[in-house]
Amino acid sequence: MASSFSIQLLRVRSSSTSESALRDEIRAQTESDEEAVSIMRSIERFGDDPSISRYDMTPTRPRPHIAVARVSWNVHAVR
């Protein structure tokens, strides 16, 4: 089962971490390319807001009437 995780932006902003490295880190947490891309899209929607210190990712409960193994994620910007 998927578990919550966070990404500290100070570390990302202060290093030479590229978008692909960030996606790889998210992929390692979710074990899914599709879920990593979805989370990256959510992060990109927040833009380059300097007040955001980290993003918390929380899996949502799958809907019982949908026969899909994919996990949905809530992405929360923490200021």
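User: How many bridges join strand E1 to strand E2?
Analyst: In this predicted model, E1 covers residues 5-8 and E2 covers residues 54-59. The two strands run antiparallel. Gln 8 has Arg 54 as its bridge partner in E2. The number of bridges joining E1 to E2 is four.

User: Which residue of E2 stands opposite Phe 5?
Analyst: Phe 5 lies in strand E1. Its opposite number belongs to E2. That residue is Met 57.

User: How many bridges pair E2 with E3?
Analyst: Strand E3 spans residues 73-78 and pairs with E2 in the antiparallel sense. Pro 59 has Trp 73 as its bridge partner in E3. Tyr 55 stands opposite Ala 77 in E3. The bridges between E2 and E3 number six.

User: In what order do the strands form the sheet, and which are the edge strands?
Analyst: Three strands form an open sheet with antiparallel pairing, in the order E1-E2-E3. Two of these strands pair on one side only. The edge strands are E1 and E3.

User: What is the average twist from one strand to the next?
Analyst: The sheet is open and has the order E1-E2-E3. From one strand to the next, the twist averages 20°.

User: Which strands does helix H2 touch, and what angle does its direction make with that of E1?
Analyst: H2 takes in residues 19-30 and packs on the sheet. The strands touched are E1 and E3. The direction of H2 makes an angle with that of E1 of about 165°.

User: Which strands does helix H3 touch?
Analyst: H3 runs over residues 33-45 and also packs on the sheet. Its direction makes about 35° with that of E3. The strands touched by H3 are E1, E2 and E3.

User: At what angle do the axes of H2 and H3 cross, and what does that make H2 relative to H3?
Analyst: The two axes come within 8 Å. They cross at roughly 125°.

User: Is the crossing of H2 and H3 left-handed or right-handed?
Analyst: The crossing concerns two helix axes that come within 8 Å. The handedness of the crossing is right-handed.

User: How do the residues of the contact of H2 with H3 divide into nonpolar, polar and charged?
Analyst: On the H2 side, the contact residues include Leu 22, Arg 23 and Ile 26. On the H3 side, they include Ile 39, Met 40 and Glu 44. The division is seven nonpolar, one polar and six charged.

User: Is Phe 5 buried or exposed?
Analyst: Phe 5 touches residues including Ile 26, Ile 39, Tyr 55 and Trp 73. Phe 5 and Tyr 55 are 50 residues apart in sequence, yet 8.5 Å apart in space, C-alpha to C-alpha. The relative accessible area of Phe 5 is 8%. The cut-off is under 20%, so Phe 5 is buried.

User: What does Gln 8 count as at 40% relative accessibility?
Analyst: Gln 8 is found in strand E1. Leaving aside neighbours within four places in sequence, Gln 8 is in contact with Ser 53 and Arg 54. A relative accessibility of 40% lies between the 20% and 50% cut-offs. So Gln 8 counts as partly exposed.

User: What is the phi of Glu 31?
Analyst: Glu 31 lies in the loop between H2 and H3. At 64% relative accessibility, Glu 31 counts as exposed. Most residues other than glycine have a negative phi. Glu 31 has a positive phi, near 60°.

User: What pattern does the protein follow along the sequence?
Analyst: The protein has three helices and three strands. Of its 79 residues, 29% count as buried. Read along the sequence, the pattern is β-α-α-α-β-β.

Conventions. Residues numbered from 1 in each chain as written. Predicted model: local features only at pLDDT ≥ 70, side-chain atom pairs only at ≥ 80, totals over all residues. Heavy atoms only, no water. Pairing = 2+ DSSP bridges. Axes fitted to C-alpha atoms, helices over the stretch in contact; angles between N-to-C directions. Contact = heavy atoms within 4.5 Å. Buried < 20%, exposed > 50% of the residue type's maximum accessible area, 1.4 Å probe, protein only. Left-handed = near helix turned anticlockwise from the far one by under 90°. Nonpolar A, V, L, I, M, F, W, Y, C, P; charged D, E, K, R; others polar.
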